[in-house]
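Here is a short tour to follow in your viewer.

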Amino acid sequence: MTIKRVGIVGSGIMGSGIAEVAAKSGHDVVLRSRKRDSADAMVAALAKSLAKQVERGKLTDDESTAIRDRVTATANLHELADCDLVIESVVEDLGVKKELFKELDLVVKDSAILASNTSTLAVVEMAMVTDRPDKVCGVHFFNPAPMMSLVEVVRPLTASDETIDAVSAFASACGKDPVEVKDRAGFIVNALLFPYLNNAVRMLENGTASRDDIDTAMKGGCNFPMGPLALLDLVGLDTSLSILDALYDEFRDPNYAAVPALRRMVTAGQLGRKTKSGFFDYNR
Ligand SMILES: NC(=O)c1ccc[n+]([C@@H]2O[C@H](COP(=O)([O-])OP(=O)(O)OC[C@H]3O[C@@H](n4cnc5c(N)ncnc54)[C@H](O)[C@@H]3O)[C@@H](O)[C@H]2O)c1
């Protein structure tokens, strides 16, 4: 199956990034947000990002216009009916995602694949609320999606080989490097990454070192491009907490038990870059 028309549901950090990636690689994209204003804002942000790339000489005016013209915004789920692939990228909450998969299953054509960009949740749970569990899988992009080359293609027990092949081919067509992984919380990257990020918060909370010294140490000592606390701010502290909670629920490994300081910051609405305040301050 060849994927030409892609629906994206969710207008957050990841939904916008995946939309840009898909449109730039020649796919028609339908962006769906619950509110028309948010969908329009996503298209406006995409136009701004493309304009910057034209300024920097990375795209021509004609290419930028062609990419923009491939994207439509909507608040109506029914406008996804003709998509070959719909990627869900809404809040990391299993209840919300299951409801969405139920609705998508009713409105999208029978041959379409439904995929989740979840970071940790069990994809089989989403597959089993549909009448097409063989056509449901995970497609986990990384943040920021236009820059990060990896896509984890997640295979729940129910997925067919055709589905996994078609989604891997889509990821390659987007210029990404797909890897296949079983449907286990955290897949490959987050299962390895989040104990590290959690322990960085623990280290800060214990007073072992300051925020800046923890980040400086991991950049200089391990050659990581960002420190762990800056990375948590980029991912979003709410999303990070949901990831740790899902990992802990599945494995009961104390390394996955979220450090209390992280939970308190989420309660306080300090979610990182998206609220301009997290471990670092982004107001300036
Ligand atoms: N942030 C990351 O680094 C990252 C990386 C890879 C994957 N993900 C995954 O991508 C998904 C989206 O994360 P994000 O970082 O873009 O989050 P975000 O907070 O930026 O956006 C979440 C989106 O979900 C929508 N939403 C919230 N409640 C909803 C509801 N009840 N029904 C429908 N939509 C609702 C919001 O309007 C928003 O558009 C999550 O599953 C997350 O785990 C995130």
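Select R34 first: one of its polar side-chain atoms lies 3.2 Å from an oxygen atom of the ligand, a polar contact (a pair of N or O atoms within 3.5 Å). This is a predicted model, in which local features need pLDDT of at least 70 and side-chain atom pairs pLDDT 80 or more, while totals for chains, interfaces and linings use all residues. Residues are numbered from 1 along each chain as its sequence is written, and side-chain values use heavy atoms, without hydrogens and water.

Next, pick M14, where a polar backbone atom is 2.9 Å from an oxygen atom of the ligand. Then move to V235: here a polar backbone atom is 2.9 Å from a nitrogen atom of the ligand. The protein covers 81% of the 830 Å² of accessible area that the ligand has on its own (Shrake-Rupley method, 1.4 Å probe).

Now show all 21 residues around the ligand; M14, E92, K97, S119 and V235 come nearest. Near means a heavy atom within 4 Å.

Where does the ligand sit? Its place is the largest pocket, an open set of points on a 1 Å grid over the protein atoms alone, where a 1.4 Å probe fits, with protein on both sides within 12 Å along at least five of seven lines; lining residues have an atom within 4 Å of a point.

Finally, select I13, N143 and T239, which are among the lining residues closest to the centre of the largest pocket.

Definitions and conventions
Polar contact = N/O pair within 3.5 Å; in protein donor to acceptor, adjacent residues only side chain to side chain. Sits in = over half its atoms within 2 Å of the grid points.
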